[in-house]
Amino acid sequence: MRKCQDIFKGVIFIITNSTPYGDMVQVKLIQQKHTQDWLIEQVREKTGMYVDRSNLHKIFTGKYHSERIVSA
């Protein structure tokens, strides 16, 4: 049996309760044909910080703010 993450690998999820910043980032990802996993890797490389989907969700919904992550 395949894991859920394997089934949805590379799928872009739109977060319905996101902030305008979260909406903008998601639209840009779609326009550039990138996934959130790609964005996570880019942020990790530029900041050296640990970032995962949970962090992105919290940033997109306004529950967490990290200037280093946002600026990356």
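Helices here are DSSP runs of H or I with at least four residues, numbered from the N terminus. By that rule, His 57 is found in helix 4. Keep this numbering in mind as we walk through the structure, which is a predicted model.

**The overall plan**

Let's start with the whole chain. The protein has 5 helices and 0 strands, and along the sequence they give the pattern α-α-α-α-α. Of its 72 residues, 28% count as buried. How many of the contacts between residues at least 6 apart in sequence join residues at least 24 apart? The share is 39%.

**How the helices cross**

Two packed helices are described by the angle between their axes and the distance between the axes.

| Helix pair | Axis distance | Crossing angle |
|---|---|---|
| Helix 2 and helix 3 | within 10 Å | roughly 105° |
| Helix 3 and helix 4 | within 10 Å | roughly 95° |

Take the pair of helix 2 and helix 3, whose axes cross at roughly 105°. Angles from 65 to 115 degrees count as roughly perpendicular, so helix 2 is roughly perpendicular to helix 3. Which residues make this contact? Helix 2 brings Val 25, Gln 26 and Leu 29, while helix 3 brings Gln 36, Trp 38 and Leu 39. Sorted by class, this contact has 4 nonpolar and 2 polar residues, with no charged ones.

Now turn to helix 3 (residues 36-47) and helix 4 (residues 53-60), whose axes cross at roughly 95°. This value makes helix 3 roughly perpendicular to helix 4. On the helix 3 side you will find Gln 36, Asp 37, Leu 39 and Ile 40, and they meet Arg 53, Leu 56 and Phe 60 of helix 4. The classes in this contact are 4 nonpolar, 1 polar and 2 charged residues.

**The largest pocket**

Rolling a probe the size of a water molecule over the atoms shows where empty space is left. In this model, the largest pocket has a volume of about 350 Å³. It is lined by 17 residues, and the closest to its centre are Tyr 21, Val 25, Trp 38, Leu 39 and Ala 72. Which elements give two or more residues to the lining? They are helix 2 (20-31), helix 3, helix 4 and helix 5 (67-71). By class, the lining divides into 13 nonpolar, 2 polar and 2 charged residues.

**A few residues to look up**

Find Lys 33 in the loop between helix 2 and helix 3. Most residues other than glycine have a negative phi. Phi of Lys 33, however, is near 60°, a positive value. Is Lys 33 buried or exposed? Lys 33 has a relative accessible area of 75%, so it counts as exposed.

Gly 62 sits in the loop between helix 4 and helix 5. Gly 62 is exposed too, with a relative accessible area of 52%. Although Gly 62 and Ser 18 are 44 residues apart in sequence, their C-alpha atoms are 7.2 Å apart in space.

Finally, back to His 57 in helix 4. With 32% relative accessibility, His 57 is partly exposed. His 57 is 39 residues from Ser 18 along the chain, and their C-alpha atoms are separated by 8.2 Å.

Key:
Residues numbered from 1 in each chain as written. Predicted model: local features only at pLDDT ≥ 70, side-chain atom pairs only at ≥ 80, totals over all residues. Heavy atoms only, no water. Axes fitted to C-alpha atoms, helices over the stretch in contact; angles between N-to-C directions. Parallel < 35°, antiparallel > 145°, perpendicular 65-115°, else oblique. Contact = heavy atoms within 4.5 Å. Nonpolar A, V, L, I, M, F, W, Y, C, P; charged D, E, K, R; others polar. 1 Å grid on protein atoms, 1.4 Å probe; cavity = no way out; pocket = protein on both sides within 12 Å on 5 of 7 lines; lining within 4 Å. Points joined across faces, edges and corners; volume = space filled by probe spheres on them. Buried < 20%, exposed > 50% of the residue type's maximum accessible area, 1.4 Å probe, protein only.
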